[in-house]
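Here is a short briefing to read alongside the model. Take a look at the chain before going through the notes.

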Amino acid sequence: MHKFEINTDFLLDDKPIQILSGAIHYFRVPKDDWYHSLYNLKALGFNTVETYTPWNYHEPREEHFEFSGEKDIQYFIQLAEELGLYVIIRPSPFICAEWEFGGLPSWLLNYKDMRIRSSDQRFIDKVDRYYTQLFKILKPLQIDHNGPIIMMQIENEYGSFGEDKSYLNMIKDLMIKHGTTVPLFTSDGGWAQTLRAGSMAEDNILPTANFGSKTDLNFQNLKSFHEEFQKKWPLMCMEFWDGWFNRWGDDIIKRESDDLVAEVRTCVQQGHINLYMFHGGTNYGFWNGCSARGTVDLPQITSYDYDAPLNEMGNPTQKYYDLQKMLKEEIPHIEQSEPLIKDFIELDHIQLQDKVSLFNVLDEISYKTTSKYPETMEEAGDGLGYMLYRTKIHKDSPVEKFRIVDARDRVKMYIDGKHVYTAYQQEIGDAFEVELHSEEPQIDILVENMGRVNYGYKLLASTQRKGLGQGLMQDLHFVQDYEQFHIQLEQLNKEHFEKEWIEGTPAFYRYVFTLNEANNTHIDVTAFSKGVVLVNGVNIGRYWNVGPTASLYISKALLHEGENEIIIFDTEGTYNQEINLVKEPKFIQKKGEI
């Protein structure tokens, strides 16, 4: 049995240890690729891996827990241990991480009077139930149980949200109740206000800081804060930002390697580090988060490359090699090795096999509810992806005025199957006129949740409830009686493509190709407009022709020898007779407009 302690330094079995850690999110990397990423972290010379545990990933529906397959965090931790890495765990409830709703389950939004991230006992009870399951896995993997976990975090950057110390203590008590025995810490921005609001130094819990520049200043701030409590704790940057995330319609954000290496050098000279990110990975499915800016929410793209030492695909960048060289200079005895490098394939002219309109398969691939007033996506489904709302109206005039009120995030409206209106965020709520032809037109409104905010005050805002909010207005009144179709993309199969395709409607496009050997690649989506891509039934994420990305990464873990299938769901009805798989990611060079 081993022992990890926090004194004036970090002590492992009573001997000082410098923590050189890198963040790898198992939930953003296919399970078959975990070894590749962890090996490259060890090869860099680092001794620790850090990861969050997203609550919504493991409890996507209330009281339905998932910890197997791609969500097998136990296997990830044990694999790290086999490679000689220690583990830092940052469990929920909130993780930020540019992840959907900051890791909070969207079903929490159905409890409209419950305050999240607070000492509200109703919220604490939900966390307690989740921790009951999570810590069954984590407890035996702690270092004092002969596992690799050396530290765990209480909450996450709480000083950038609140100052409810009773809440933080309740989370701490839950962790201890469920078996946490390793040292605990908090992490916040590296300045006094956030450290004071979010830390638990008064309870002898180590405060750490998050930053990516001005290392001298931030460590001095942290040291001064420690001294307020008469402590000489070790200085640790729990998130050293080596790059940044990206949003739709913006240009790719980069950070020069020389600048990064200089700041990391200062950090390892003075204390301890966790590179955020070491390997960013991919926001698969509908798991991307969203930034909040005033009245507009800015969803993040599928790639979580982060301009990190390992790129989205897991291969070393120039930053990796520059950091490795610097570490050898600063720590001559450090153990390093050559990193693993993935190969890529290309395959051109994969022909379209079938296509089918969403409207013609809607009943077969959706979970349906009915209601007098429209239900939110959280009430009628799992709160993610797409929901179609259907109703009928009576024609009172040849040209009718409509208004879609309180819908989020993007809507497309169809009357008798014909597209009449598209709106996104700020345009939603504006009046528009449509010519009517039938006496009782059928109205279909496709609503896309493009990602809930993952940071800041809008976590508490009603805007995080997605779908058709107050509803559709015809003239001056709200329309009633709705069918809600929560679309389940994974239910789509080959037989569905025997039905009709309708031009100009949201539709699925099926491409089939054969591989002699599976390998990594990217799908070029420049010929499409907006939607998602499924590879052998797995949703690999969103694309949008506003950029900055114009391709999606496909790990060889998702492909196999023989016949493979790609299905593209394009909400705009755009398609191409063929698709191409390419070796390198593609980008839209000119900044787009949302």
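What percentage of the residues in the protein chain do buried residues make up? They make up 62% of the 594 residues. Please keep in mind that this is a predicted model. The notes below go from the whole chain to its annotated spans, its sheets, its cores and a few individual residues.

**Overall build**

- The secondary structure of the protein chain comprises eleven helices and 31 strands.
- The radius of gyration is 25 Å, close to the 25 Å that the globule rule gives for 594 residues, so the protein chain is as compact as a globular protein of that length.
- Along the principal axes, the C-alpha atoms of the protein chain fill a box of roughly 80 × 55 × 40 Å.
- Among contacts in the protein chain with a separation of 6 or more, 79% are between residues 24 or more positions apart.

**Annotated spans**

- An unreviewed UniProt entry places the feature "domain: Glycoside hydrolase 35 catalytic" at residues 10–328. In the model, the span 10–328 is 32% helix and 19% strand, and its end C-alpha atoms lie 21 Å apart.
- The feature "domain: Beta-galactosidase galactose-binding" is listed by UniProt, again in an unreviewed entry, for residues 506–564. Here the chain is 0% helix and 56% strand, with 23 Å between the end C-alpha atoms.

- Eight strands form an open sheet with antiparallel pairing, in the order 28-27-30-25-14-31-26-29. Its edge strands are strand 28 (538–544) and strand 29 (551–554), each of which pairs on one side only. On average, neighbouring strands of this sheet are turned by 30° against each other, direction ignored.
- Strand 25 (residues 507–515) and strand 30 (residues 562–570) run antiparallel and are joined by nine bridges. Tyr511 has Ile566 in strand 30 as its bridge partner.
- A parallel pairing is found elsewhere: strand 9 (residues 206–211) pairs with strand 10 over three bridges. Phe211 stands opposite Phe240 in strand 10.
- Strand 10 (residues 236–241) is mostly covered, with five of its six residues buried.

- In soluble globular proteins, nonpolar side chains tend to be buried together.
- The largest nonpolar core has 133 residues, and Phe123, Met151 and Phe508 are the ones that touch the most other members. Helix 4 (residues 121–138) gives the most to this core, contributing nine residues.
- Apart from this core lies another one, of 27 residues, including Phe344, Ile350, Tyr553 and Ile554.
- Leaving out residues up to four places away in sequence, Phe123 touches a set of residues that includes Trp55, Pro93, Leu104, Leu108 and Tyr167.

**A buried proline**

- Pro91 lies in strand 6 (residues 86–91). Is Pro91 buried or exposed? It is buried, because its relative accessible area of 0% is under the 20% cut-off.
- Apart from neighbours within four places in sequence, Pro91 is in contact with Thr53, Tyr131, Leu134, Phe135, Met152, Gln153, Glu155 and Met175.
- Pro91 and Thr215 are 124 residues apart along the chain, and their C-alpha atoms are separated by 26 Å.

**Backbone details to check**

- Tyr276 and Met277 are joined by a cis peptide bond with omega of about -5°. Met277 belongs to strand 11 (residues 272–279).
- Another cis peptide bond, with omega of about 10°, joins Arg408 and Asp409. Asp409 sits in the loop between strand 17 (399–408) and strand 18 (410–415).
- Asp13 is not a glycine, yet it has a positive phi of about 50°. Asp13 is in the loop between strand 2 (10–12) and strand 3 (15–16), and it is partly exposed, with a relative accessible area of 33%.
- Gln425 also has a positive phi, near 50°, in a residue other than glycine. Gln425 lies in the loop between strand 19 (418–424) and strand 20 (431–435), and it is buried, with a relative accessible area of 17%.

Note on methods:
Residues are numbered from 1 along each chain as its sequence is written. This is a predicted model: local features need pLDDT of at least 70, side-chain atom pairs count only at pLDDT 80 or more; totals for chains, interfaces and linings use all residues. Side-chain values use heavy atoms; hydrogens and water are left out. Two strands pair if DSSP finds at least two bridges between them. Helices (H or I, at least four residues) and strands (E, at least two) are DSSP runs, numbered from the N terminus. Axes are lines fitted to C-alpha atoms, for helices over the stretch in contact, and angles run from 0 to 180 degrees between N-to-C directions. UniProt positions are given in the numbering used here, feature names are shortened, and annotations may be inferred rather than shown by experiment. Buried means under 20% relative accessible area, exposed over 50%, partly exposed in between (1.4 Å probe, protein chains only). A nonpolar core is a set of buried Ala, Val, Leu, Ile, Met, Phe, Trp, Tyr and Cys residues joined through side-chain atoms within 4.5 Å. Contact means heavy atoms within 4.5 Å. The radius of gyration is taken over C-alpha atoms; the globule rule is 2.2 Å times the number of residues to the power 0.38.
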